Amino acid sequence: MVSAPAGPSGFARIVVAAPGSGHGKTTVATGLLAALRRRSAAVAPFKVGPDYIDPGYHRVAAGRAARNLDPVLVGEQRIVPLFKHGAAGADLSVVEGVMGLFDGRIGTGGDGPAFGSTAHVAGLLDAPVVLVVDASGQSQSLAALLHGFRTFQPGVRLGGVILNRVGSARHEEVLREAAEVAGLPVFGALPRAEGLRVPSRHLGLVTAAEHGGEATRVVSAMADVVEQSVDLDSVAALADSAPALAGEVWCADAEVRRVDGSPVVAVAGGPAFTFGYAEHVELLAAAGAEVVVVDPTRDERLPAGTAGLVLPGGFPEQHVAELSANSLLRKDIAEFAASGGPVHAECGGLLYLVDELDGHPMCGVLRARAAMSPKLTLGYRDAVAATDSVLFAEGERTSGHEFHRTVLEPGAGERPAWRWRAGGVTAEGFVHSGVHASYLHTHPAGGPDAVFRFAEAMRPRIGAADHRR
């Protein structure tokens with residue numbers, strides 16, 4: 001990390017929160033980003049928690065990388081440095097919250113905000129909060145709701161409210177009167193509009209990468225309604241009121257040592273593999289690697305000289321036919337893994353490495369089969385590395401997040417990647433030769449040593465003969 005000047009310049013910021021999921025946080029946050037950008041403002045997008053999908057729409061709206069702020073995965077001490085890194089050069093930052101304002105890791109609240117909650121992150125950033133409320137089905141009762149959220153935890157600065165799904169001019173008038181009773185200004189009132197909805201499926205919204213040009217249309221529609229319905233000047237003034245933010249700026253170069261030789265690391269991307277953190281690529285580059293993005297639905301070979309492979313999460317189950325049909329790349333990856341090449345696979349990447357997914361042949365690196373399940377597996381995990389690997393030494397501890405509707409048979413290899421307690425001691429994942437594959441999502445900024453360890457594992461392969469025959 002390097003020192004940064006403290007002060008509000010460049011760090012104007014607001015947090016967009018809600019009483020619960022489904023009130024319209026993503027619509028408002030994305031619309032604010034796009035509408036402010038239309039005013040020629042440089043805007044920086046952030047998302048509280050481990051979510052990968054909302055940041056995809058933020059990126060479309062802001063025209064720059066969206067960052068996650070998750071104290072569970074990276075630690076409280078990194079939230080401000082990571083925020084300052086992502087906000088560098090921006091006029092204003094918009095941080096979209098997660099779930100309800102005070103919802104966080106169960107059993108961690110005590111007298112203060114629950115750990116990892118939107119309120120927790122807002123406090124760490126000393127940022128004012130705009131509450132988005134789905135007003136359909138209520139009128140004067142809004143006053144009681146707002147009064148409760150404004151007074152529940154005095155350390156959280158609730159700066160105003162944006163009403164969503166307002167039915168009529170009269171409805172808006174009554175709601176504004178209720179907000180006045182609660183002592184909160186109303187920054188805007190969005191009408192009910194079906195055109196703002198993004199298609200959803202088993203794990204949430206369809207990703208922006210998969211939504212293609214339609215994602216741009218939806219984001220533009222969000223910007224239109226926010227421009228028409230929200231007092232952007234008042235929102236910007238609230239963001240400008242955020243106090244000076246002391247602390248350092250996160251810097252990838254300061255987090256990892258550099259290996260010689262510029263090893264090539266292939267990182268899966270495209271529509272099937274969209275679940276990654278921007279800091280991961282930055283850390284790999286800081287460790288000396290040359291990062292090349294590969295789309296497994298289209299590209300038929302790994303890049304020449306590939307010394308390492310990263311397979312992030314995503315929705316391979318939605319693209320299973322295309323992935324399976326690309327037999328040349330599947331064969332290439334299988335040969336790379338068989339040659340001992342270092343492979344880091346998370347969740348969707350794990351599914352791509354098994355023998356088959358929903359009956360479709362995959363890479364066959366791991367002796368396991370995957371299938372869709374009606375059960376959602378979701379939650380943070382305090383994990384211990386069960387086996388030495390290209391990422392972790394046996395016994396190392398980390399915090400990760402599990403989020404999937406697939407099941408594996410078996411769920412772990414003879415050499416598991418992790419053990420954690422969740423209804424008993426669970427062995428999970430696979431360590432096989434140079435492969436580390438698991439359902440667990442980790443944030444590399446929370447454990448940069450794993451990135452350097454992976455880069456070190458690539459170094460012996462620099463200049464080696466191509467694994468392809």
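Two strands are taken to pair if DSSP finds at least two bridges between them; strands (E, at least two residues) and helices (H or I, at least four) are DSSP runs, numbered from the N terminus. This is a predicted model, in which local features need pLDDT of at least 70 and side-chain atom pairs count only at pLDDT 80 or more, while totals for chains, interfaces and linings use all residues. Residues are numbered from 1 along each chain as its sequence is written, and side-chain values use heavy atoms, with hydrogens and water left out.

Six strands form an open sheet of mixed pairing, in the order S13-S12-S14-S15-S23-S22. Strand S13 (290-294) and strand S22 (430-432) are the edges: each has a single partner strand, so one side of each is left without a neighbour in the sheet. From one strand to the next, the twist averages 15°. S14 and S15 run parallel and are joined by three bridges, and Leu311 stands opposite Ala345 in S15.

Helix H16 (residues 448-458) packs on this sheet, where it touches S12, S14 and S15. The direction of H16 makes about 145° with that of S14; axes are lines fitted to C-alpha atoms, for helices over the stretch in contact, and angles run from 0 to 180 degrees between N-to-C directions.

His280 lies in helix H12. Not counting residues up to four places away in sequence, His280 touches Val310, His344, Pro444 and Val451, contact meaning heavy atoms within 4.5 Å.
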